[in-house]
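Hello,

Here is the structure I promised to pass on to you. Have a look at it first, and then read my notes below.

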Amino acid sequence: MLFSPEKKTLMIKQLVLATRNKNKVVEMQQLLHHLGVTVTSALDYPQLEDVEEDAPTLEGNAIKKCNYVAAALGLPSLSDDTGLEVEALGGAPGVYSARYSGPGATYQSNVQKLLSELDNTTNRNAQFRSVMALSIDGHIHTFEGIVRGEISTEEAGKGGFGYDPVFIPHGYTKTFAELPAELKNEISHRGRAIAQVIEFIAGLK
C-alpha cells in the first residue's frame, strides 16, 4: 500500500485538472461532479506554464502533466493523455493524435487526414485509449480506459470534440458526436478511466 492508515483517512477537498483544453475540462468535470470535491483546471491558474507533451507514450505524457501541476500548486492533480489507435494504420495516430496533421493541427484537419488515410480501406477497426495519471500525496497512480469501435467513412454529429464525429463505438450505429453527452461519458474511454479514479479516491476517504 502506498498510503499509511493515517493517510487513508485523508479527505481530498480539491482536484486540479492538468489541462487547458476547454472541451476536456467540461467533459471531465461532468464525469467528476458527484465526487464531492472542488474540481478546477489549469485554466484557473494563469501562472502555470504549458507542458510539452513530448513523451513517447500516453502514460508518460499524463504523468508529466500531473507531476508539474501538483508540484507547482501543492494540490492533487489529475491529467490524461488520449490516443486514437487505428488498426489499419498500425496503431496511428496514437500518442500523436492531437497533432496528427502537423504543426497548427486542428480537430478538423486531423479528422480529414484520418479519413484520407483510410480512403478505400475496408478495415476500419479502431480504439480510443485514455490514460489518467493522478498525483496525490507525493505518489502517482495511473488508470486506463479503452473503448473499441470503427472509423466511419464521413463525419456525423455536432457533439463532442476531436475524432468524435468519425468514431462509432461497438454496439452502436452512431458516432460519439451523435450520442447524447451522458451516454458518451458513460461508455467512453475517458469515462471508464475516470470511473477507476473515482473508485480510488472514494477509497481514500
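Strand β3 and strand β5 (residues 125–136) run antiparallel and are joined by 10 bridges. Helices and strands here are DSSP runs (H or I with at least four residues for helices, E with at least two for strands), numbered from the N terminus, and two strands pair if DSSP finds at least two bridges between them.

Before going further, please note that this is a predicted model: local features need pLDDT of at least 70 and side-chain atom pairs count only at pLDDT 80 or more, while totals for chains, interfaces and linings use all residues. Residues are numbered from 1 along each chain as its sequence is written, and side-chain values use heavy atoms, with hydrogens and water left out.

Back to β3, which has two other partners to look at. With strand β1 (residues 14–17), β3 pairs in the parallel sense over 2 bridges, and Val 16 stands opposite Ser 77. With strand β4 (residues 93–94), the pairing is antiparallel, again over 2 bridges, and Leu 84 has Gly 94 as its bridge partner. The hairpin of β3 and β4 has 6 residues between the strands, and Gly 90 takes a positive phi near 65 degrees there.

How many residues of β3 (residues 77–86) are buried? The count is 10 of the 10, so the strand is largely enclosed by the rest of the structure. Buried means under 20% relative accessible area, exposed means over 50%, and partly exposed lies in between, with a 1.4 Å probe and protein chains only. Ser 77, Ser 79, Asp 81, Gly 83 and Glu 85 point one way from β3, whereas Leu 78, Asp 80, Thr 82, Leu 84 and Val 86 point the other way.

Next, the helices. The axes of α1 (residues 22–32) and α5 (residues 189–204) come within 10 Å and cross at roughly 45 degrees. Axes are lines fitted to C-alpha atoms, for helices over the stretch in contact, and angles run from 0 to 180 degrees between N-to-C directions. The two helices are therefore oblique to each other; angles under 35 degrees count as roughly parallel, over 145 as roughly antiparallel, 65 to 115 as roughly perpendicular and the rest as oblique. On the α1 side, the contact (heavy atoms within 4.5 Å) is made by Lys 24, Glu 27, Met 28, Leu 31 and Leu 32, and on the α5 side by Arg 190, Gly 191, Ile 194 and Ile 198.

Also in α5 is Val 197, which counts as buried at 0% relative accessibility. Leaving out residues up to four places away in sequence, Val 197 touches Leu 78, Met 132 and Phe 143. Val 197 and Leu 78 are 119 residues apart along the chain, with their C-alpha atoms separated by 9.0 Å.

Two more residues may interest you. Ser 41 lies in strand β2 (residues 38–41) and counts as buried at 2% relative accessibility. Not counting residues up to four places away in sequence, Ser 41 touches Val 16, Leu 17, Thr 19 and Val 25. Glu 117, in helix α3 (residues 107–117), counts as partly exposed at 41% relative accessibility. Neighbours within four places in sequence aside, Glu 117 is in contact with Leu 89 and Tyr 100.

Best wishes
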